[in-house]
Every structure is written in C-alpha cells, then in structure tokens.
Amino acid sequence: MAGSPGLRLVGRRGVPEAVPIQIHGTLRLGRKTKNLVKSLKPADIAVINHTNLDRIAAEDLVKTGVAAVINAAESSTGRYPNSGPLLLAQAGVRLIDAPGASVFELLDDGQEATIEGATVFVDGKEILRGRVLGVVELTSQLDE
C-alpha cells in the first residue's frame, strides 16, 4: 500500500491506515446531522452545520461510510471535551471545518465534488477552502 498512488499512510498507536489525498464523491447537504445520516451512502461527502459535533452524530456518520464531512460550523469549539471530531478522524473520514464560508449557499445537494486537502472543487473550480481537523490536533485538544 505504501506505493499506491493517491494514498499516504498515517499511524495512530502503530496502526497504519490509508488516507486518500484526493476524495471524489457526491455532496449531500443537511443542516440537521441526525436527519442527513438517514440518506447518506458510502463515499458521499456530508455537508453539515453542527457546532461541537457530538460522539453519537460522529458514530452515525462513520456507520454510513462517508468519505468526508464538511462542517459549516466549528466541529469543536474547545468549550468542553468533545470526542465526536476525533472519532471521525480516527475512522479515516476527512473532517473539514469551514465556518463562515456560506457552505450551504456555495454547494448544492447532489453535486459531484473533489476534495484536495481542505479545498473543495466542483467541475474543476475551487469553491471553498476550510481547515482539516486531524487526529493529532484533535487528540491534543481533547487532552486539554
């Protein structure tokens, strides 16, 4: 796997996992995560608006098999311990925070999109940039 194009290996506690550098999928928009998860399919890109993404919502997202989650809000504000974002990152789901980016105005449900890092492209055009929340950062934040 180390030589596979488009993949890089990351490790947490000695367990390597493949994380795609580029993600392609169908955007699925929902302002209420608990409602959106009912219609998500594997490899979809979930677009949510969920401040302090809780563990239960994260578990539901992971169960659907989504490739990425774009959050129009802060997934973790740091006001209290919040394991939801870390759970997504540990499951290999790319979590991108894009608060203030008017995500629901810029993206449409059902659009095909490509994500490179924290940048979202539709039809080859850059639509928005957010911030990827990774395992190391989220573990440190949770420890604090």
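Predicted model: local features only at pLDDT ≥ 70, side-chain atom pairs only at ≥ 80, totals over all residues.

Modeller: A polar contact is a pair of N or O atoms within 3.5 Å; within protein, one must be able to donate a hydrogen and the other to accept it, and residues adjacent in sequence count only if both atoms are side-chain atoms.

Numbering runs from 1 along each chain as its sequence is written, and side-chain values use heavy atoms, without hydrogens or water.

H2 covers residues 55–64, and its buried residues (under 20% relative accessible area, 1.4 Å probe, protein chains only) include Ala 57, Ala 58, Leu 61 and Thr 64. These lie on the same side of H2, because they cover an arc of only 120 degrees around the axis. An α-helix has 3.6 residues a turn, so residues three or four places apart point the same way. The opposite face carries Ile 56 and Lys 63, which are exposed (over 50%). Just past the end of H2, Gly 65 has a positive phi of about 85 degrees.

The buried residues of H2 pack against helix H1 (33–36), strand S4, strand S5 and helix H3 (84–90). Asn 71 counts as buried because its relative accessibility is 0%. Its side chain reaches the backbone oxygen of His 50 at 2.9 Å, and a polar atom of that side chain lies 3.0 Å from the backbone nitrogen of Ala 73. Beyond its neighbours within four places in sequence, Asn 71 has contacts (heavy atoms within 4.5 Å) with residues including Ile 48, Asn 49 and Ile 96.

S4 (45–48) and S5 also each give two or more residues to the largest nonpolar core, which has 20 residues, Ile 45, Val 47 and Ile 70 among those with the most contacts inside it. A nonpolar core here is a set of buried Ala, Val, Leu, Ile, Met, Phe, Trp, Tyr and Cys residues joined through side-chain atoms within 4.5 Å.

Taken as a whole, the protein chain has 5 helices and 10 strands, and buried residues make up 42% of its 144 residues.

Technical notes
Helix = DSSP H or I, 4+ residues; strand = E, 2+ residues; numbered from the N terminus. Arc of directions from axis to C-beta.
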